[in-house]
Amino acid sequence: MNTIIYFIRHAEPNYNNHDDMSRELTTKGLEASQKLITQFSSVSIDHFYSSPYQRAIDTITPLAKDRNQPIQIIDELRERKLSNGWVNDFNAIAQQQWQDFNFKLAHGESLREVQKRNIDALKMILKEGQGNTIVVGTHGTALSTIINYYQSDFGFDAFNQYKHCFPWIVTFEFDGNKLKQIML
């Protein structure tokens, strides 16, 4: 029996809040999260998981409440830490990180580190939820590194193409731990 995972990158965040952990959704983001209830109305969902970051949790909360399901928070699903402070030239740093998966700023994470912890979390989810349909609240960079793990040609240009998609839903289908397909 196949496992279906819907990775839902958070809805539009309030970039005026520079605290990554507590950054909330905008009004538009909150409205988009409500629309997920209709969008998934014909999908039976067995489990909900999320990054510990507020915007990821808030994006899938209406859908989880609609299904009377709890959201399990997994710290390893969190977004990449760029550095200890706000990074103004995000695009240049992102491009450099996609060119060199080991590059990182002081006190930050490389894409290789982000990918490893997110793939480890995904493997745990697959083990726990084999044969189920699962929703995971996630982030753009984290999700992009997961896609890259399975499709190495998914790089900076593809990441950049989806950078402003809020929410961005990517469906993965697995047979056991073996990926069958990714639907972008």
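## Terms and values in this fold

Trainee: What covers the buried residues of α3?

Mentor: Their cover includes α4 (111-128), α5 (140-150) and α6 (156-162), where contact stands for heavy atoms within 4.5 Å. This is a predicted model, in which local features need pLDDT of at least 70 and side-chain atom pairs count only at pLDDT 80 or more, while totals for chains, interfaces and linings use all residues. Residues are numbered from 1 along each chain as its sequence is written, and side-chain values use heavy atoms, with hydrogens and water left out.

Trainee: Which residues of α3 are buried, and what puts them on the same side of the helix?

Mentor: In α3, which spans residues 90-99, Ile93, Ala94, Gln97 and Trp98 are buried. They share one side of α3 because the arc that they cover around the axis is only 135°, taken from the directions from the helix axis to the C-beta atoms.

Trainee: Why does His139 count as buried?

Mentor: The term buried requires under 20% relative accessible area (exposed is over 50%, partly exposed in between; 1.4 Å probe, protein chains only), and His139, with 0% relative accessibility, therefore counts as buried. This residue lies in the loop between β4 and α5, and beyond its neighbours within four places in sequence, the residues in contact with His139 include Arg9, His10, Tyr53 and Glu79.

Trainee: What makes strand β4 a mostly covered one?

Mentor: Six of the six residues in β4 (133-138) are buried, and this holds on both faces, with Thr133, Val135 and Gly137 on one side and Ile134, Val136 and Thr138 on the other. Helix α5 is also mostly covered, nine of its eleven residues being buried.

Trainee: How do you know which strands pair with β4 in the parallel sense?

Mentor: Pairing requires that DSSP finds at least two bridges between two strands, the strands being DSSP runs (E, at least two residues) and the helices likewise (H or I, at least four), numbered from the N terminus. Strand β1 (residues 3-9) runs parallel to β4 and is joined to it by six bridges, with Ile4 partnered by Thr133 and Tyr6 by Val135. Strand β2 (residues 47-50) pairs with β4 over four bridges, again in the parallel sense, and here Ser50 is opposite Gly137.

Trainee: Which strands stand at the edges of the sheet, and why?

Mentor: The open sheet has six strands in the order β3-β2-β4-β1-β5-β6, and its pairing is mixed. Because β3 (71-73) and β6 (178-183) each have a single partner strand, one side of each is left without a neighbour in the sheet. From one strand to the next, the twist averages 25°. Helix α2 (residues 54-66) packs on this sheet, touching β1, β2, β3 and β4, and its direction makes about 165° with that of β2. Helix α5 packs on the sheet as well, touching β1, β4, β5 (168-175) and β6, at about 35° to the direction of β5.

Trainee: Why are α4 and α5 called roughly perpendicular?

Mentor: Their axes cross at roughly 80° and come within 9 Å, the axes being lines fitted to C-alpha atoms, for helices over the stretch in contact, with angles from 0 to 180 degrees between N-to-C directions. Angles of 65 to 115 degrees count as roughly perpendicular (under 35 roughly parallel, over 145 roughly antiparallel, the rest oblique), so α4 and α5 are roughly perpendicular to each other. By class, their contact has eight nonpolar, five polar and one charged residues, where Ala, Val, Leu, Ile, Met, Phe, Trp, Tyr, Cys and Pro count as nonpolar, Asp, Glu, Lys and Arg as charged, and the others, Gly among them, as polar.
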